[in-house]
Amino acid sequence: MARNKIDFNRDLEEATCGNPQMKYTWNQYHKYIEEAIDAAIKKFGYAMYIDLHGQSHPVKRLELGYFLSTTALKEVQESSETSSELGAKTSVKNLLENNNQLTLKELLMGENAFGTLMEKSGFPAVPSLGDPYPQKGEPYFNGGYNTRRYTSSDYPKVFDMQMETNFQGVRDSEENRKKFSKAFAQSVTSYLDFIKSKWDY
């Protein structure tokens, strides 16, 4: 549906601009997400939710949003200590709260971080080991309503990210979409395997 009619990545009132005809549609959209999350938790004990978008920023890379600003990401990268205060503000807080073997730094920009795995597959990403945070003045999306909603206290067994994909090299041709899809699936699997090796719900 056209985003100027309804924006599913906003709360109900903002998403529908008060249009009662769109409230049912908004509720159905989130109902399907909640059913999928419930099914995943029932089968695996947890769920990883990814809110996938497209962006057209000048730097051609994937932007992974965990609710941390550029300044906060830089702090994570430069710190040798685990910051529980920063971790509690992120979309992976449920992972961190349930396991002391995982650190925020390794989840976001370590060797087994999702962004690093995508980077190794030929798709630059931020944050990642090679690109831990955007440079000054570079635009960066760090997460929206859906990401916040599905990692709230109402969903204690869910962790997620907002993923903003660049057009060139990712979405601009069928060949690149297939390459991206394959790298995406392999990276998610490897990321989850890494998490499960250290932590189990």
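In what sense do S2 and strand S3 pair, and over how many bridges? They run parallel, with two bridges between S2 and S3 (residues 125–126). Strands pair here if DSSP finds at least two bridges between them, and the elements themselves are DSSP runs numbered from the N terminus: helices (H or I) of at least four residues, strands (E) of at least two. Before going on, bear in mind that this is a predicted model, in which local features need pLDDT of at least 70 and side-chain atom pairs count only at pLDDT 80 or more, while totals for chains, interfaces and linings use all residues. Residues are numbered from 1 along each chain as its sequence is written, and side-chain values use heavy atoms, with hydrogens and water left out.

Back to S2, which covers residues 62–65. Opposite valine 126 in S3 you'll find glutamate 63. S2 also pairs with strand S4 (residues 158–165), this time in the antiparallel sense and over three bridges, and there glycine 65 stands opposite glutamine 162. As for the directions, Leu62 and Leu64 point one way, Glu63 and Gly65 the other, and all are buried. Buried means under 20% relative accessible area, exposed over 50%, and partly exposed in between, using a 1.4 Å probe and protein chains only.

Most residues other than glycine have a negative phi, and most peptide bonds are trans. Valine 126, though, joins to proline 127 through a cis peptide bond, with omega near 0°. Proline 127 itself belongs to the loop between S3 and H8. Phenylalanine 67 is not a glycine, yet has a positive phi of about 80°; look for phenylalanine 67 in the loop between S2 and helix H3 (70–78). Phenylalanine 67 counts as buried because its relative accessible area is 12%. Cysteine 17 is exposed, with a relative accessible area of 69%.

Next, have a look at asparagine 146, in helix H8 (residues 145–149). With a relative accessible area of 1%, asparagine 146 is buried. Setting aside neighbours within four places in sequence, its contacts (heavy atoms within 4.5 Å) are Phe8, Asn9, Tyr29, His30, Tyr49, Asp51 and Asp160.

That leaves the aromatics. Rings of Phe, Tyr and Trp (its six-membered ring) pair if their centres lie within 6.5 Å; planes under 30 degrees apart count as stacked, over 60 as edge-to-face and the rest as tilted. The count by this rule is nine aromatic pairs. One of them joins phenylalanine 123 and phenylalanine 180 edge-to-face, at 5.6 Å centre to centre with 75° between the planes. That pair links distant parts of the chain, 57 residues apart: phenylalanine 123 is in the loop between helix H7 (114–120) and S3, phenylalanine 180 in helix H9 (residues 174–198). Both phenylalanine 123 and phenylalanine 180 are buried. Tyrosine 150 and tyrosine 155 form another edge-to-face pair, with 5.0 Å between centres and 65° between planes. Tyrosine 150 is buried at 0% relative accessible area, and tyrosine 155 is buried at 14%. Finally, Phe123 and Phe180 belong to one aromatic cluster with Phe114, Phe184 and Tyr191.
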